[in-house]
Each structure stands twice: as structure tokens, then as C-alpha cells.
Amino acid sequence: TLDALITEAAIHNHDIRIALATLEESRASRRVSSAKMYPSISAQTSSERSKNKDESSNNHFDATLDATWEIDIFGGIQ
């Protein structure tokens, strides 16, 4: 009975749902703001196939990887 009452109170209590949503929002905001302190990595790939007049084909594959990181010497990011 107590578990059912607690579940019903949590469902119908808008203040608790608002508080939980605000808590989740603040946690997400903290994750976004602390992401600047970590390296950023991006990757890209491409491929191309071409056929010559003599019916031979060429394949070209390309892959790039970029990593950036800003060193926070003077504490501007924090």
C-alpha cells in the first residue's frame, strides 16, 4: 500500500517532476560546460571509384582524423 501511495504521489506531484527535470537540466549543463576542458576529435572518410577508357578501374580511399585541444594556461576556460 505504501509503495502504491508513493508512486501515485510522485506521478501527481508536479513539484517533484519539475525538481527532477531541473536537476537533470543542471547536470546536462555541467557536462556541456566541462566538455571544453577535454580534447575534441573528429573523423572523416571518403571513397571514390573511377573507370578509365581501357576499362580499368581505380579506387581512391581517404581518411582524416583531427584532434584539437586548447591548453588552459591562464584559467580562462574554467
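**Questions on a predicted model**

Trainee: In which helix does Ile18 lie?

Mentor: Helices are DSSP runs of H or I with at least four residues, strands are runs of E with at least two, and both are numbered from the N terminus. Read in this way, the element that holds Ile18 is helix α2.

Trainee: What kind of model is this?

Mentor: Residues are numbered from 1 along each chain as its sequence is written, and side-chain values use heavy atoms, with hydrogens and water left out. Local features need pLDDT of at least 70 and side-chain atom pairs count only at pLDDT 80 or more, while totals for chains, interfaces and linings use all residues, since the model is predicted.

Trainee: In what pattern do the helices and strands follow along the sequence?

Mentor: The protein has two helices and two strands. Read along the sequence, they follow the pattern α-α-β-β.

Trainee: Is Ile18 buried or exposed?

Mentor: Buried means under 20% relative accessible area, exposed means over 50%, and partly exposed lies in between, with a 1.4 Å probe and protein chains only. The relative accessible area of Ile18 is 53%, so this residue counts as exposed.

Trainee: What percentage of the residues of the protein count as buried?

Mentor: Strand β1, residues 40-51, lies largely in the open, because the number buried among its twelve residues is zero. For the 78 residues of the protein, the share that counts as buried is 0%.

Trainee: What radius of gyration does the protein have?

Mentor: The radius is taken over C-alpha atoms, and the globule rule is 2.2 Å times the number of residues to the power 0.38. Along its principal axes, the C-alpha trace spans about 80 × 45 × 15 Å. A compact globule of 78 residues would have a radius near 12 Å, but the protein has 26 Å.

Trainee: Over how many bridges do β1 and β2 pair?

Mentor: Two strands pair if DSSP finds at least two bridges between them. Bridge partners include Ser46 with Asp62 of β2, and Thr45 with Ala63 of β2. In the antiparallel sense, β1 and β2 pair over bridges that number twelve.

Trainee: Which residue of the hairpin of β1 and β2 takes a positive phi?

Mentor: The hairpin has five residues between the strands. With a positive phi near 70°, the residue is Glu55.

Trainee: What accessible area do Trp69, Ile71, Ile73 and Phe74 have together?

Mentor: Patches are made of residues with over 30% relative accessible area and no salt bridge, where like charges are joined within 9 Å and nonpolar side chains (Val, Leu, Ile, Met, Phe, Trp, Tyr) within 5 Å, and areas come from the Shrake-Rupley method with a 1.4 Å probe, only the protein chains shown counting as cover for residues. One of the four, Ile71, lies in the segment after β2 (57-68), and Ile71 counts as exposed because its relative accessibility is 61%. Together Trp69, Ile71, Ile73 and Phe74 form a nonpolar patch on the surface, with an accessible area of about 600 Å².

Key: Salt bridge = Lys/Arg side-chain N within 4 Å of Asp/Glu carboxyl O.
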